[in-house]
Amino acid sequence: MRAGEASTDVIIVGAGPVGLFAVFQLGLAKLKAHLVDILDRPGGQCAELYPEKPIYDIPGLPICTGQELTDRLMEQIAPFEPVFHFGEMAASLDKTPDGKWRLTTDVGTVLTALVLVIAAGGGSFVPKRPPIPGIEAYEGTGVFYAVRRIDAFRGKRVVIAGGGDSALDWTVSLAPVVQNLTLVHRRPEFRAAPATVAKMRALEEQGFVKFELGQPAGLKGDDGKLDAVVIKRGDGTLLDVEADALLPFFGLTMKLGPIANFGLNLNENLIPVDTEKFETSTPAIFAIGDINTYPGKLKLILSGFHEAALMAQAAHRYVHPDKVLRFQYTTSSSELQRLLKVA
Ligand code: FAD
């Protein structure tokens, strides 16, 4: 969903492993959730930083990769039908006249709920900006750090910079639709998956991709409209490549971002919480996973899972102050099994 409005029981900022498991715990308490994540898919650090690395300390799973854990969590929460808002940054927070939280994203989606859960990990992933003088003037008009719609580049002259998976994946995906495509990388070797590199080389041979060894060093254009990317080649010479768009893929860094302005107490960019409910200094706003801090905190996935379970109990009291949440086991409760769609 994009640029819409929705009301739910709980809004979760962050679809990392802890945000995903929070959906499960909230679901058992019959609370519905919407999740917002700036990434274009679930899994947070597990999916973005180490999808193929093995994790050995998830209880009951002797070994699973970051991506496998994400896939299993998605399967586990599917019965609760969470609504995801991917590719959106939780940008601002205020209250509605009837006392609900109203979260607005950077693309204008407005979500309201009685409870807000911040599961934002180390903060939002933001693209690394290449050191090109004046690049800010072209961001969003001629310089793009993500491809939201392939069609936006149809028939355009495109320069892609970088040597990792994103740079090579988008080179292969965009080459058939653009007018021409130049890939720039400072080395002849690529860090991307070998199969994707082979596809790129095949497209190069067929004339769909031009490869330049070097780095983007300057931009030429007017009023944010890009005309050319200046490439500094390995031998120091400069080359102007005519272009409508530059797509730099130089990795991501994590920044706390707009959550810093949500009015919460912060301690060195972490959110202090109690250890009974994992609630912040603001009632009905909880913080779980890597983003929170309390005495003895361990930044482990399993800690976040525990925090999600206790948070859900307290969230239930805000949404249904008149109802008691009965403690039940999934093994033996037919009510929970119905919610899980296994009974
Ligand atoms: P994250 O995984 O960081 O997810 C937070 C999500 O919130 C992100 O997707 C981010 O984009 C999103 N977000 C933040 N701010 C906003 C915003 N304003 N708007 C929209 N979205 C936002 N832990 C273990 O337990 N065992 C291990 O073996 C292990 N190995 C690791 C190996 C590596 C290389 C790394 C880097 C970490 C490892 N960890 C391990 C740590 C583990 O990955 C973290 O503890 C875990 O990812 C925390 O989960 P989270 O859901 O709290 O946060």
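Start by selecting arginine 129, which sits in the loop between β11 and β12 (strands are DSSP runs of E, at least two residues, helices are runs of H or I, at least four, and both are numbered from the N terminus). Before going further, know that this is a predicted model, where local features need pLDDT of at least 70 and side-chain atom pairs count only at pLDDT 80 or more, while totals for chains, interfaces and linings use all residues. Residues are numbered from 1 along each chain as its sequence is written, and side-chain values use heavy atoms, with hydrogens and water left out.

Is arginine 129 buried, exposed or partly exposed? Its relative accessibility is 47%, so arginine 129 counts as partly exposed (buried is under 20% relative accessible area, exposed over 50%, partly exposed in between, with a 1.4 Å probe and protein chains only). Now show its contacts (heavy atoms within 4.5 Å): leaving out residues up to four places away in sequence, arginine 129 touches Ile135, Glu136, Glu139 and Tyr145. Next, click valine 147: 18 residues along the chain from arginine 129, with 15 Å between the two C-alpha atoms.

Zoom out and colour by domain. Domain 1 covers 5-126 + 253-339, and domain 2 covers 129-250; these bounds come from an automatic or database domain assignment. Their C-alpha centres are 36 Å apart.

Where does the largest pocket lie? Both domains give residues to its lining, so the largest pocket lies between them. The lining divides into 25 nonpolar, six polar and 16 charged residues (nonpolar means Ala, Val, Leu, Ile, Met, Phe, Trp, Tyr, Cys and Pro; charged means Asp, Glu, Lys and Arg; the others, Gly among them, are polar). Which element gives the largest share of this lining? That's α4, with four residues.

Stay on α4 and pick out Ala167, Leu168, Thr171, Val172 and Leu174, which are buried. The buried residues of α4 pack against β12 (157-161), β13 (180-185), α5 (194-205), β14 (209-222) and β17 (245-248).

Last stop: leucine 26. Skipping neighbours within four places in sequence, leucine 26 is in contact with Val10, Ile12, Leu31, Ala33, Met311, Ala312 and Ala315.
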